[in-house]
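Biologist: I would like to learn how to read a few features of a model. Please give the general idea, then the case here.

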Amino acid sequence: KLTTCFRTLIDASKTTTMVMLVLVGATAFTGVFSRGGGMTVISDLVMAMPGGTTGALILMLFLVFLLGMFLDWTGIVLLSFPIMLPIVNQMGVDVLWFVVMVAVVLQTSFLTPPFGYALFYMKGVAPKGVEIVDLYKAVVPFVALIVLACVLMAFFPVLITGLPSALLGY
């Protein structure tokens, strides 16, 4: 029906507008943060972490994990990547490897309490009688598998970089 098409168009426009506002806000924040010297301060702080490169990477991935509990992935990427990627480059870490690790860590944070987005989505479609605590228990094996994948990718980076290297000479 024409009215359904019109309602769908309006809803899609609202969603697109919200996403664009997030993009504008994150870009503005990053610009002000960078102009104010925040990038240099954060870079110096991360580079001075105990444990060197490994400690800095663990700190950055942990921060992404914490942000994933509270923010949408788009906001996290737009806020953290302009800060983290130059630091990762400066440390000599493969950017492709880091970005994939961030993506996997985000998947874990979306499944963990207290504010795991995916848990609330699942609660919305779960049958009546399924409590949020039941969902917390149900995601434990999935979180364990994701953590195992992170550990494997950390110790064997070729799992991430092998195929691009073979196909693109990366």
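Modeller: Threonine 30 lies in helix α1, where helices are DSSP runs of H or I with at least four residues, numbered from the N terminus. This is a predicted model, in which local features need pLDDT of at least 70, side-chain atom pairs count only at pLDDT 80 or more, and totals for chains, interfaces and linings use all residues. Residues are numbered from 1 along each chain as its sequence is written, and side-chain values use heavy atoms, with hydrogens and water left out.

Biologist: Is threonine 30 buried or exposed?

Modeller: Buried means under 20% relative accessible area, exposed over 50%, and partly exposed in between (1.4 Å probe, protein chains only). Threonine 30 has 13%, so it is buried.

Biologist: Which residues does threonine 30 touch?

Modeller: A contact means heavy atoms within 4.5 Å. Leaving aside residues up to four places away in sequence, threonine 30 touches Met39, Leu78 and Pro82.

Biologist: Where does helix α4 bend?

Modeller: The bend at a residue is the angle between axes fitted to the seven residues ending there and the seven starting there. Helix α4 (residues 73-91) bends by about 50 degrees at phenylalanine 81, and proline 82 follows within four residues. The buried residues of α4 include Phe81, Ile83 and Met84; among the elements covering its buried residues are α1 (2-35) and α5 (95-109). Just after α4, glycine 92 has a positive phi of about 85 degrees.

Terms used: Helix = DSSP H or I, 4+ residues; strand = E, 2+ residues; numbered from the N terminus.
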